[in-house]
Amino acid sequence: MSVTAFDAVTLVPGAASGPVLRLDEPLSFWGGLDPATGTVIDRLHPQRGAGVAGRMLMMPGGRGSSSGSATLAEALRLGKGPAAILMLERDAIVVVGAMVAAELYGLGCPVALANGRDWEALAAAASLTLEAGPNGAAISADL
């Protein structure tokens, strides 16, 4: 395996690493994720039944209700949330959920905006490491 580096945009700062979980479609955390188990429960989602806990969650974007912020923060509080989130599109609901978890619970879940041209390579990695700081983010992929 070789390590490859990719640039990204920081949406929520922090550092995390873990195995990859790529979602084929956006996920609404409210109604789509069980915060007590970290399981995707949206009955129409292609990755229904997948667990996000401790994973580097890759999803094209968020979907849905502003209540999703609270669901993400609760999953993180319970230790069932993702280690980090990588998206292709900015989503304020996801960002707010990660920021609330950091502020209320002292729990980090960095969020970054990945480059679309890098998406397939990132998804093919066994694991990712994200370092998201105020001047940008770097993703290291074990390819």
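This is a predicted model: local features need pLDDT of at least 70, side-chain atom pairs count only at pLDDT 80 or more; totals for chains, interfaces and linings use all residues.

Colleague: Is Ser69 buried or exposed?

Modeller: Ser69 has a relative accessible area of 11%, and buried means under 20%, so Ser69 counts as buried.

Colleague: Which residues does Ser69 touch, not counting those up to four places away in sequence?

Modeller: Ser69 touches Ile93, Val96 and Gly97.

Colleague: How many of the ten residues of helix 2 are buried?

Modeller: Seven of the ten residues in helix 2 (residues 68-77) are buried, so this helix is largely enclosed by the rest of the structure. The buried residues are Gly68, Ser69, Thr71, Leu72, Ala73, Ala75 and Leu76.

Colleague: What covers the buried residues of helix 2?

Modeller: The cover includes helix 1 (29-32), strand 3 (33-34), strand 6 (84-87) and helix 3. Just after helix 2, Gly79 has a positive phi of about 75°.

Colleague: Turning to the largest nonpolar core, which residues touch the most other members?

Modeller: That core has 25 residues, and those touching the most other members are Phe29, Leu57, Met59, Ile85, Met87, Val94 and Val111. At least two residues of this core come from each of strand 1 (3-12), strand 5 (56-59), helix 2, strand 6, helix 3 and strand 7 (111-114). Another core lies apart from it, with 21 residues, among them Phe6, Leu86, Leu128 and Ala132.

Colleague: What is Phe29 in contact with, leaving aside its neighbours within four places in sequence?

Modeller: Phe29 is in contact with Leu57, Met59, Arg63, Gly68, Thr71, Leu72, Ile85 and Val94. Of these, Gly68, Thr71 and Leu72 are among the buried residues of helix 2.

Colleague: Now for the strands. How many bridges join strand 1 to strand 9?

Modeller: Six bridges join strand 1 to strand 9 (residues 136-142), and the two run antiparallel. Ala8 stands opposite Ala137 of strand 9. Strand 1 also runs antiparallel to strand 7, to which four bridges join it. There, Val9 has Leu113 of strand 7 as its bridge partner.

Colleague: One last topic, the surface. Which residues make the nonpolar surface patch of about 270 Å²?

Modeller: Leu104, Tyr105 and Leu107 make that patch. Tyr105 belongs to helix 3 (residues 92-105).

Colleague: Why does Tyr105 count as partly exposed?

Modeller: Its relative accessibility is 36%, and partly exposed covers values between the buried limit of 20% and the exposed limit of 50%.

Definitions and conventions
Residues are numbered from 1 along each chain as its sequence is written. Side-chain values use heavy atoms; hydrogens and water are left out. Patches are made of residues with over 30% relative accessible area and no salt bridge: like charges are joined within 9 Å, nonpolar side chains (Val, Leu, Ile, Met, Phe, Trp, Tyr) within 5 Å. Accessible areas come from the Shrake-Rupley method with a 1.4 Å probe; for residues, only the protein chains shown count as cover. A salt bridge is a side-chain nitrogen of Lys or Arg within 4 Å of a carboxyl oxygen of Asp or Glu. Buried means under 20% relative accessible area, exposed over 50%, partly exposed in between (1.4 Å probe, protein chains only). Contact means heavy atoms within 4.5 Å. A nonpolar core is a set of buried Ala, Val, Leu, Ile, Met, Phe, Trp, Tyr and Cys residues joined through side-chain atoms within 4.5 Å. Two strands pair if DSSP finds at least two bridges between them.
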